[in-house]
Amino acid sequence: SSGINAEYGRRMKHELGITEVGVEDISLLTRIVYFGSSCDTWGEHELDHVLFVRKDITVYGNPDEVKTVRYMGREELFRAMENEKEFPVTPWFRIISNSMLGPWWEALEMGKLEGDDGKIHEFSFPQ
């Protein structure tokens with residue numbers, strides 16, 4: 001898991017400019033495999049690790065990787081996601097938000113967020 005944490009630490013620095021997160025700050029929650037096509041030509045089929053960090057950070061998004069960064073509370077996020085056209089997110093984030101994020105957020109608020117569940121969850125997203 002430390003190799004995964006180190007790689008994602010590098011990705012956070014490259015994509016978001018986050019430098020305050022160390023390998024020890026990152027916790028693996030689970031893994032997801034998802035598949036879907038975004039048009040007639042392109043699609044995605046990936047295994048992704050869902051990681052968690054709780055720490056005060058500064059975000060300097062890499063414009064080649066990230067269009068917008070914004071802090072949102074749980075209710076604001078879920079309300080915004082009701083309108084896909086005005087609030088587009090990646091397919092994998094929508095999958096996680098619709099299936100896992102609510103319970104994780106609630107567990108976090110209660111101080112009961114557990115680490116690696118040892119599972120690989122499989123999803124496909126609508127065409």
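**Briefing on a predicted protein model**

The accessible surface of the protein comes to about 9100 Å², and carbon and sulfur atoms account for 51% of that area; the areas come from the Shrake-Rupley method with a 1.4 Å probe, and for residues only the protein chains shown count as cover. This is a predicted model, in which local features need pLDDT of at least 70 and side-chain atom pairs count only at pLDDT 80 or more, while totals for chains, interfaces and linings use all residues. Residues are numbered from 1 along each chain as its sequence is written, and side-chain values use heavy atoms, with hydrogens and water left out.

**Overall fold**

- The protein contains 3 helices and 3 strands, where helices (H or I, at least four residues) and strands (E, at least two) are DSSP runs numbered from the N terminus.
- The order of these elements from the N terminus is α-β-β-α-α-β.
- With a radius of gyration of 15 Å, close to the 14 Å that the globule rule gives for 127 residues, the protein is as compact as a globular protein of that length; the radius is taken over C-alpha atoms, and the rule is 2.2 Å times the number of residues to the power 0.38.
- The C-alpha trace spans about 40 × 35 × 30 Å along its principal axes.

**Burial and contacts**

- Of the 127 residues, 29% are buried; buried means under 20% relative accessible area, exposed over 50%, and partly exposed in between (1.4 Å probe, protein chains only).
- Among contacts (heavy atoms within 4.5 Å) between residues at least 6 apart in sequence, 62% join residues at least 24 apart.

**Charges and salt bridges**

- The protein carries 14 positive and 23 negative side chains, with Lys and Arg counted as positive, Asp and Glu as negative, and His and the chain ends not counted.
- The centres of the two sets lie 3 Å apart, each charge being placed at NZ of Lys, CZ of Arg, CG of Asp or CD of Glu.
- There are 7 salt bridges, each defined as a side-chain nitrogen of Lys or Arg within 4 Å of a carboxyl oxygen of Asp or Glu.
- One of them joins Arg 31 and Asp 116, whose closest N and O atoms are 2.8 Å apart.
- This pair links distant parts of the chain, 85 residues apart: Arg 31 belongs to strand β1 (residues 27-37), and Asp 116 to the loop between α3 (91-109) and β3 (120-124).
- Arg 31 is buried at a relative accessible area of 16%, whereas Asp 116 is partly exposed at 39%.
- Arg 70 and Glu 76 also form a salt bridge, with closest N and O atoms 2.4 Å apart; Arg 70 is exposed at 53% relative accessible area, and Glu 76 is partly exposed at 31%.

**Arg 74 in helix α2**

- Arg 74 meets Glu 109 in a salt bridge (2.7 Å, N to O).
- The two residues lie 35 residues apart and link distant parts of the chain, Glu 109 in helix α3 and Arg 74 in helix α2 (residues 74-80).
- Glu 109 is exposed, with a relative accessible area of 52%.
- Leaving aside residues up to four places away in sequence, Arg 74 touches Gly 102, Trp 105, Glu 106 and Glu 109.

- Ile 26 is placed in the loop between α1 (2-16) and β1, and Ile 26 is buried, with a relative accessible area of 5%.
- Not counting residues up to four places away in sequence, Ile 26 touches Asn 5, Gly 9, Met 12, Val 21, Leu 51, Phe 52 and Val 53.
- The C-alpha atoms of Ile 26 and Gly 9 are separated by 8.0 Å, and the two residues are 17 residues apart along the chain.
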